[in-house]
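Subject: A structure for you to look at

Hello,

Please open it first and keep it beside you as you read.

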Amino acid sequence: MHYIHKEIKEPFKDGIEIGIELTNKIKNPSLILLMTSLSKKEDIEELVNGLKSYININNLIGCTTGGEFSEKGHTRHGVLLIAFDEKCKVSISCEKVEGNPKNVGITLANDIREKLKEKYPKIDINERFLGIIFHDWKANHENEIMDVLAKKLSFPIIGGTAADNLRFKNTYQIYQDKVLSGYVVFATISTKRNMEILYGHGYEPTEYYARITKAEGNILYELNGKPAYEVYQEMISNASGIPINTLRKYKPRNGKYLDFTILYPLGIQDVYGNYRILFLKNIEDDKLIFSHEINEGTFLILMNTTPKKTMDSLYNELSKLKKFKNPMAFIIECVARDIIKNPHKYKDTFVSKDFEKWISRYEVTNTPSTSNISNICVNCIGFYSYGESIVNDIMRFHNTLTFVGVAIDLDEKYNINWKESLRYFDFSNEEVMILTELINSNLSAKELLNKLNISQTKLYATLNSLEERGIIKSYGKKPKKYYVDDIKSILKKIDVELESQYQFKKRKRKEFLLNL
């Protein structure tokens, strides 16, 4: 696994440089994630074209962002590329979001399962899969799609909604060499490495709550029998001490003045005792319009955060990784969280010039995340999104004001040198070459010929021998695909055979020496 975080000045030229650097690290990546804060479609296409001139991008997916980050800092006109090595099993899919979004989710899930089944007839029971998904901000059907994927697939999924560097015009999804809009792109990848799903938000409940007395779908009309926005303002005023007359000046409109909807969102407690943030999309008259459906009779709690709580929420999740020897964390984080942490960067974009005044009451001192994240996870990389998706056991939703992610242990014990190791099992040079390619891929003879320095005659003779001995298997006819079913069981069997041969030959040598 390798990542590249780079400021982009000349998209095509920089794409070539990224491709060269990646090729020097991973010859044939199994999956490439490409996240970029470039907002012009032609610039993204140039970047992708430069990249594909040096590396195969058949398994590339990605999206536009609100910025990328790593230990190098934060870019707002850059790219974050993550590539996984050849050992992973990968399947990717892409669907236009139109019509019934649930059907989009069903099509995605079915396509992914069929591709995995076709490429990998048998998957190791110990193998773990992870789903990675990128949505379109304008399509606005993340919840429905995620709900279907959670029901149809049995592995965790993380993802985010494409951003466009806070312009709110066009967001793009990247699929192979295509730059698309209005799509959802999805990948699954296997890993036998230690893996930890990450999630958090940093908000805590206040003592103020209200009951939903009138609602329809995602529109909230009344709280406690009164106009919803009126009650919401009262709750914020009681919690913050800010007069209602002042709050009225900051009513959100046209994507601006999100000051108090970010600092004091409404939340809901689920049956497991966890608090989930309800993202307020819009306010019309006194109606509150959320990104989630809400039910009458439910109690909403006023939530609150501070810069310290926001930063600590990520630190606390990364603290789980102390058991990892060499962790890399990939984080998809709501851009609103960066607003809380760095308000000076976003004045008059999302929030008012007074936003810093509202949060200046919360002193940011002794914040462990600002100083010690590198002690837990040097490789903490990611991007800012317009929404975050997660499926992990009981957590199954799309949200905002949160972060989701995955940490993978890059401990070297998982990096097997197959070419060297297979020689200990008495395979010939040709057999080692072929098995090394087939351990993590299903390939035809033609594909093997393109990869290996071996004659066609020798290749077919070796393939036939390996198949007769049960070391490899095949399926299909035109073309016939070869694969390794269970390398561990195969090598265990050969180990027993070699040990028996050794003992037999040792006994015969002894008999010969005694009679000499």
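How many of the residues of strand 13 (residues 195-200) are buried? The count is 6 of 6, so to speak a strand that is mostly covered. Please keep in mind that this is a predicted model.

Strand 13 and its partner

In a regular strand the side chains alternate between the two faces of the sheet. In strand 13, Met195, Ile197 and Tyr199 point one way, Glu196, Leu198 and Gly200 point the other way, and all are buried. Strand 13 is joined by 6 bridges to strand 26 (residues 403-409), and the two run antiparallel. If you want a place to start looking, find Tyr199, which stands opposite Val404 in strand 26.

Strand 7

Another strand worth a visit is strand 7 (residues 90-96). Of its 7 residues, 5 are buried, so strand 7 is largely enclosed by the rest of the structure. Its antiparallel partner is strand 12 (residues 183-191), with 7 bridges between them. Here Ile92 stands opposite Ala187 of strand 12.

The nonpolar cores

The largest nonpolar core has 60 residues, and Leu220 and Leu288 are those with the most contacts inside it. Helix 5 provides the largest share of this core, 6 residues. There is also a second, separate core of 37 residues, which includes Ile92, Met195, Phe383 and Leu410.

A buried glutamate

Glu333 sits in strand 22 (residues 327-334). Is Glu333 buried or exposed? With a relative accessible area of 1%, Glu333 is buried, because the cut-off for that is under 20%. Beyond its neighbours within four places in sequence, Glu333 is in contact with Phe69, Lys341, Phe383, Tyr384, Ser385, Glu388, Thr402 and Phe403. Phe383, one of these contacts, is also among the residues of the second core.

Helix 13

In helix 13 (residues 429-438), the buried residues include Glu431, Val432, Ile434, Leu435, Thr436 and Leu438. Their cover includes helix 12 (418-421), strand 27 (443-444), helix 14 (445-451), helix 15 (456-468) and strand 29 (481-483).

The cavities

Rolling a probe the size of a water molecule over the atoms shows where empty space is left. There are 3 cavities of 30 Å³ or more.

Around it are Val97, His135, Asp136, Ala139, Asn140, His141, Glu142, Ile145 and Val184. This lining has 4 nonpolar, 3 polar and 2 charged residues.

Happy exploring, and do write back with any questions.

Best wishes

Notes: Residues numbered from 1 in each chain as written. Predicted model: local features only at pLDDT ≥ 70, side-chain atom pairs only at ≥ 80, totals over all residues. Heavy atoms only, no water. 1 Å grid on protein atoms, 1.4 Å probe; cavity = no way out; pocket = protein on both sides within 12 Å on 5 of 7 lines; lining within 4 Å. Points joined across faces, edges and corners; volume = space filled by probe spheres on them. Nonpolar A, V, L, I, M, F, W, Y, C, P; charged D, E, K, R; others polar. Buried < 20%, exposed > 50% of the residue type's maximum accessible area, 1.4 Å probe, protein only. Helix = DSSP H or I, 4+ residues; strand = E, 2+ residues; numbered from the N terminus. Pairing = 2+ DSSP bridges. Contact = heavy atoms within 4.5 Å. Core = buried A, V, L, I, M, F, W, Y, C linked by side-chain atoms within 4.5 Å.
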